[in-house]
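Reader: Hey, I'm new to this one. Can you put it up and walk me through it?

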Amino acid sequence: SGVHVEHFEIPRPFSEAARQVKQKTNECLKVTMKHTSRTSTGGIPTTSVGFTRYEPFANISASKAEIYVIETYLNSRQEDTGQDKIFMFLLDLAPAGKNKAKADLYYTWGEPRPRTAKAVRDWANGKGTACPDLAP
């Protein structure tokens with residue numbers, strides 16, 4: 001489980017990029033998703049149900065922004081299983097001149113994280129407002 005890192009410049013003011021990413025993160029990624037997995041043990045099929053809760057956070061100042069989402073795995077009763085929480089992504093933004101910002105985007109492998117990272121990049125660049133598909 002490696003971490004993927006992308007560095008890119010954003011051709012728009014830092015405050016706009018930070019505001020857009022924070023807004024879309026709260027709109028699209030403040031959810032709990034149900035997932036079902038089917039396995040077979042000794043020829044006996046079993047189905048297990050669990051949930052992933054996505055929680056967005058944002059720390060924004062005049063000189064930098066840190067926007068991230070944490071994943072928590074929950075059991076079928078939507079209780080925390082005590083597993084380690086996972087960063088879905090972390091976006092660091094900083095001003096880079098008059099109408100530019102620079103970004104460092106970190107995310108781990110495994111869908112929907114790369115798909116979500118693409119949406120975050122689009123939101124920061126002002127190139128799209130679609131919510132990512134959170135299916136694994």
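Reader: Thanks! Is Tyr 68 buried or exposed?

Author: Tyr 68 is buried, because its relative accessible area is 16%. Buried means under 20% relative accessible area, exposed over 50%, and partly exposed in between (1.4 Å probe, protein chains only). Keep in mind that this is a predicted model, where local features need pLDDT of at least 70, side-chain atom pairs count only at pLDDT 80 or more, and totals for chains, interfaces and linings use all residues. Residues are numbered from 1 along each chain as its sequence is written, and side-chain values use heavy atoms, with hydrogens and water left out.

Reader: Ok, so how many aromatic pairs are there?

Author: A search of the whole structure turns up three aromatic pairs. Rings of Phe, Tyr and Trp (its six-membered ring) pair if their centres lie within 6.5 Å; planes under 30 degrees apart count as stacked, over 60 as edge-to-face and the rest as tilted. One of the pairs is Tyr 68 with Phe 87, which is tilted, at 5.4 Å centre to centre and 55° between the planes. Tyr 68 sits in strand 4 and Phe 87 in strand 5, 19 residues apart. Helices (H or I, at least four residues) and strands (E, at least two) are DSSP runs, numbered from the N terminus.

Reader: And which residues make up the ring cluster?

Author: Ring pairs link Phe 57, Tyr 68 and Phe 87 into a cluster. Phe 87 is partly exposed, with a relative accessible area of 46%.

Reader: Switching topic: how many disulfides does the structure hold?

Author: It holds one disulfide (a pair of cysteine sulfur atoms within 2.5 Å). That disulfide joins Cys 28 to Cys 131, with S to S at 1.9 Å. Cys 28 lies in helix 1 and Cys 131 in the segment after helix 2, so the pair ties together parts that are 103 residues apart in sequence.

Reader: Which of those cysteines counts as buried?

Author: Cys 28 counts as buried, at 7% relative accessibility. Cys 131, at 42%, counts as partly exposed.

Reader: What about the largest nonpolar core: which residues touch the most other members?

Author: Of its 26 residues, Ile 10, Phe 89, Leu 91, Leu 93 and Leu 105 touch the most other members. A nonpolar core is a set of buried Ala, Val, Leu, Ile, Met, Phe, Trp, Tyr and Cys residues joined through side-chain atoms within 4.5 Å. Helix 1 gives the most to this core, with six residues.

Reader: Last one: what follows helix 2?

Author: Gly 126 does, and its phi is positive, near 70°.
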